[in-house]
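Work through the exercises below with the model open. Try each task before you read its solution.

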Amino acid sequence: MKPTELIWHNGEFKPWFEATTHVLTHALHYGSSVFEGVRVYDCLGQPKAFRMREHLQRMHDSARVYRMEIPWTVDELHRACCELTLRNGLDSAYLRPLAYRGYGSLGVAPHDPLPVDVAIAAIEWGAYLGEEAREKGARVCVSSWQRLAPNTVPAGAKAGGNYLSSQLISMEAHRLGYDEGIGLTTDGTLSEGAGENLFVVRDGELMTPPQSASILAGITRDSVIKLALDEGITVREQPMTRETLYLADELFFTGTAAEITPIASIDDLPVGRGHRGPMTKAIQDLFFGLFDGRTEDRHGWLEPLRGDDSRKGGVASAVA
């Protein structure tokens with residue numbers, strides 16, 4: 001990870017290595033954090049955030065599930081994200097907003113009022129599974145680790161503790177020589193990757209597991225569904241069995257970090273012809289075309305960072 005100059009931490013812009021927290025912070029011990037990943041793209045020389053407000057609203061929603069009250073509004077965090085990116089001199093960036101229960105008590109249930117700390121980092125981060133995988137496809141396996149069962153831990157909240165499951169899936173895949181793993185639900189149907197949503201292409205249609213399959217309903221996933229529907233492509237959200245992977249014409253992952261990443265093989269069986277297929281490329285072209293003008297931003301997903309608030313420096317005065 002390449003450090004940038006500043007991190008926004010509890011309302012202040014701090015030097016990278018000064019944005020610290022106490023070792024007895026509640027979130028370090030019990031995973032009581034919620035977070036987001038947001039991309040800023042260089043759109044023909046102008047940095048623009050992709051669906052930033054929806055990401056920040058989801059972070060507030062995730063916090064609500066865990067009865068955490070984030071002390072900054074979506075608007076305040078939005079301004080902080082924009083100004084942080086600009087202050088760090090980034091034309092494209094990956095942002096990591098994080099809210100977590102802080103220092104004050106070591107009880108599992110936070111009986112005493114604990115502060116909810118908030119931090120935002122903005123860094124440079126390329127293709128999550130590698131630039132080569134974006135074109136040629138990733139080698140993927142089905143993990144022996146299952147995803148979270150419904151009504152155990154809420155998979156629909158983007159909480160830090162949920163990603164212990166993701167770590168097991170991804171570490172097993174790497175240990176076996178794969179780029180990534182896919183988790184199944186407790187009933188054996190398809191769920192998602194360690195940090196990505198999953199799409200199946202079959203007979204010219206797109207299929208993806210439903211929210212009931214213990215997935216995080218990703219914002220990039222939603223974007224792909226809308227872009228496909230705009231092009232008249234049939235999209236089905238439905239439960240799917242494991243063998244669906246082996247019979248698919250194409251497979252691809254979606255996510256803020258992964259963006260649109262094709263899957264070349266699954267459990268060492270080639271997917272289709274063993275490389276990125278035409279539907280996946282078409283979806284990639286639609287998605288990445290948003291950032292170079294080839295695809296019309298008809299849904300209003302892109303927002304310039306240099307709005308009135310950032311030009312006025314309103315973030316520091318509003319939330320410091």
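This is a predicted model: local features need pLDDT of at least 70, side-chain atom pairs count only at pLDDT 80 or more; totals for chains, interfaces and linings use all residues.

Residues are numbered from 1 along each chain as its sequence is written, and side-chain values use heavy atoms, without hydrogens or water.

**Exercise 1.** Find the largest nonpolar core and the elements that build it.

Step 1. A nonpolar core is a set of buried Ala, Val, Leu, Ile, Met, Phe, Trp, Tyr and Cys residues joined through side-chain atoms within 4.5 Å. Buried means under 20% relative accessible area, exposed over 50%, partly exposed in between (1.4 Å probe, protein chains only).

Step 2. The largest core has 30 residues. Trp 8, Met 52, Leu 77, Leu 95 and Ile 120 have the most contacts inside it.

Step 3. Two or more residues each come from S1, S4, H2, H3, S6 and S7. Helices (H or I, at least four residues) and strands (E, at least two) are DSSP runs, numbered from the N terminus. H3 gives the largest share, six residues.

Step 4. A second, separate core has 23 residues, among them Phe 287 and Trp 301.

**Exercise 2.** Leu 44 has a positive phi, and so does Glu 259. Is each buried or exposed?

Step 1. Most residues other than glycine have a negative phi.

Step 2. Leu 44, with phi of about 55 degrees, lies in the loop between S4 and S5. Leu 44 is exposed because its relative accessibility is 72%.

Step 3. Glu 259, with phi near 55 degrees, belongs to strand S15. Glu 259 is buried because its relative accessibility is 2%.
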